[in-house]
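Hi,

Here is the structure I said I'd pass along.

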Amino acid sequence: MTGTPQAPVDEAPAGVIRTLRELPRPAIVLLFGIALNRMGSFVALFLVLYLTGLGYSPAQAGFVLTGFGVGSIVGTFVGGSVTGRFGARAVIVWSMLLCGLSTAGLAAVTAIVPLLIVGFAAGAFGQMYRPAAATMLAELTPPQRLVMTSAAGRFGLNLGAAVGPLLGVWLAAAYSYQVVFAVNALVDLLFALVVLLVIPTGTGHRAPEDTAVPEDPAARDDRAAREDTAAGTDTTAGTDTARYRDLLRDRRFLLFLAGMFITAIAEVQYQSTLPLEVQQRGYPTALYGAVVALNGALVILVELPLTTLIQRFSMRATVAAGCLLLGVGLGLFGLPFGPWVFILGAVVWTLGEIISAPSIGAYPALAAPTPALRSRYIGALSTCQTAGWAVGPSVGTALFEYVGGAVWLMCAGLGVLAYLGMRAGVRDLVPR
């Protein structure tokens with residue numbers, strides 16, 4: 001990793017226990033709510049199986065799932081705008097309420113067009129809360145604790161992602177897919193109810209001066225220029241004139257977003273193309289399962305303690321180095337060696353994810369020049385990642401079918417390209 005560790009002037013970076021102890025109660029409730037919501041999210045996992053069970057062809061089922069994915073992209077984009085206008089708490093409550101109703105609707109309709117419409121709505125409302133939740137966490141968390149808080153949030157998400165499929169499989173086997181979707185809807189409604197009852201109205205509003213982050217002189221001058229550019233943004237309570245076009249003037253942040261888009265294209269290959277690679281080489285499916293399980297286990301077990309060290313480095317160093325390792329790790333899957341190369345690739349790829357992801361989650365909130373633009377910056381990150389994850393499978397599987405191992409060379413190349421983009425685009429923030 002490039003970049004020199006920079007010890008804080010007054011205190012060492014806090015570990016996860018201290019960070020969680022110092023967070024206000026609404027932030028803790030929100031972290032638990034996000035983990036619970038992820039544990040109960042079953043639509044993307046079981047929608048195709050449910051639809052083929054109804055008699056639809058795999059192509060028709062995939063079409064509805066694509067509608068769900070398109071809705072997810074729209075939801076993250078819109079979520080950034082409505083959060084700035086109506087506030088994070090209101091957006092979380094309404095998006096989870098509408099997502100719960102839409103998910104329940106999947107079990108109530110059977111015709112293809114209503115399924116497509118309801119699936120789109122479930123995807124949109126299910127992702128709309130993400131920029132709102134990230135914005136609220138950023139507003140509740142001191143800047144020097146935001147990287148560790150991001151890692152704690154990822155721990156909950158990954159734990160939920162590990163437990164959720166097991167719960168969904170049990171519900172489907174013991175009852176039905178309708179029950180799976182009903183439980184998903186109940187979890188969404190529970191999340192909305194908890195936020196409504198536990199997190200007070202107006203929670204998370206912070207004065208602009210409280211969001212300062214230590215920067216080097218060049219970064220400070222750059223921030224001042226961006227604040228001048230955004231001077232037309234009204235940050236008074238209840239008034240929001242910020243727009244995504246204000247974000248488009250921040251060319252360095254656009255480089256960051258481009259890096260995240262191509263990194264997501266590479267990252268999603270472990271879901272779409274890696275099982276095909278394992279199968280083509282004649283290895284058992286259990287090897288693919290082991291690779292995915294290794295990734296999840298390492299993230300859950302290692303990311304939090306390692307983030308205590310990683311947060312000492314500048315965000316430019318951690319984000320750039322992590323994206324490079326992620327792409328190179330995936331590229332190792334294309335080497336013509338034995339099954340051990342898949343394990344090595346999984347370790348390198350996961351290390352890149354662990355190094356970069358907490359800083360990536362924290363960066364948009366810290367990079368936004370004004371509090372009013374914070375939700376747009378966070379929403380733009382979610383949109384670019386979701387778009388990359390949506391486009392990546394088509395690109396990867398097409399390359400795999402027609403050019404073979406070129407898909408893994410592509411992943412390595414995207415990692416290098418992302419590294420260069422992040423080095424140029426990410427501002428040299430040291431969150432302490």
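**What I found**

Of the 432 residues in the protein chain, 52% count as buried. Keep in mind that this is a predicted model. The chain has 18 helices and 0 strands. Taking contacts between residues at least 6 apart in sequence, 86% of them join residues at least 24 apart. As for the surface, the accessible area is about 17,900 Å², and carbon and sulfur atoms account for 69% of that.

Now the inside. The largest nonpolar core has 53 residues, and F253, F256 and L274 are the ones with the most contacts inside it. Helix α16 (residues 340–367) is the biggest giver here, with 10 residues in this core. There is another core apart from it, made of 23 residues, including A27, V29, A88 and L140.

What does F253 touch, once its neighbours within four places in sequence are left aside? The list is L247, Y363, P364, A367, Y377, A380, G425 and R427.

You'll find L381 in helix α17 (residues 374–403). Its relative accessibility is 6%, so L381 counts as buried, the cut-off being under 20%. Again leaving aside neighbours within four places in sequence, L381 is in contact with F256, L257, M260, I360 and P364. L381 and F256 sit 125 residues apart in sequence, yet their C-alpha atoms are 8.7 Å apart in space. P364 turns up in the contact list of F253 and in that of L381.

Then there's a helix pair. Two packed helices are described by the angle between their axes and the distance between the axes. For helix α15 (residues 315–331) and helix α18 (residues 406–425), the axes come within 7 Å and cross at roughly 175 degrees. Angles over 145 degrees count as roughly antiparallel, so that is how α15 runs relative to α18. On the α15 side, the contact is made by R316, A317, V319, A320, A321, C323, L324, G327, V328, L330 and G331. On the α18 side, the residues are W408, C411, A412, G415, V416, A418, Y419, M422 and R423.

Cheers

Definitions and conventions
Residues numbered from 1 in each chain as written. Predicted model: local features only at pLDDT ≥ 70, side-chain atom pairs only at ≥ 80, totals over all residues. Heavy atoms only, no water. Core = buried A, V, L, I, M, F, W, Y, C linked by side-chain atoms within 4.5 Å. Buried < 20%, exposed > 50% of the residue type's maximum accessible area, 1.4 Å probe, protein only. Helix = DSSP H or I, 4+ residues; strand = E, 2+ residues; numbered from the N terminus. Contact = heavy atoms within 4.5 Å. Axes fitted to C-alpha atoms, helices over the stretch in contact; angles between N-to-C directions. Parallel < 35°, antiparallel > 145°, perpendicular 65-115°, else oblique. Areas by Shrake-Rupley, 256 points an atom, 1.4 Å probe, with all protein chains shown as cover.
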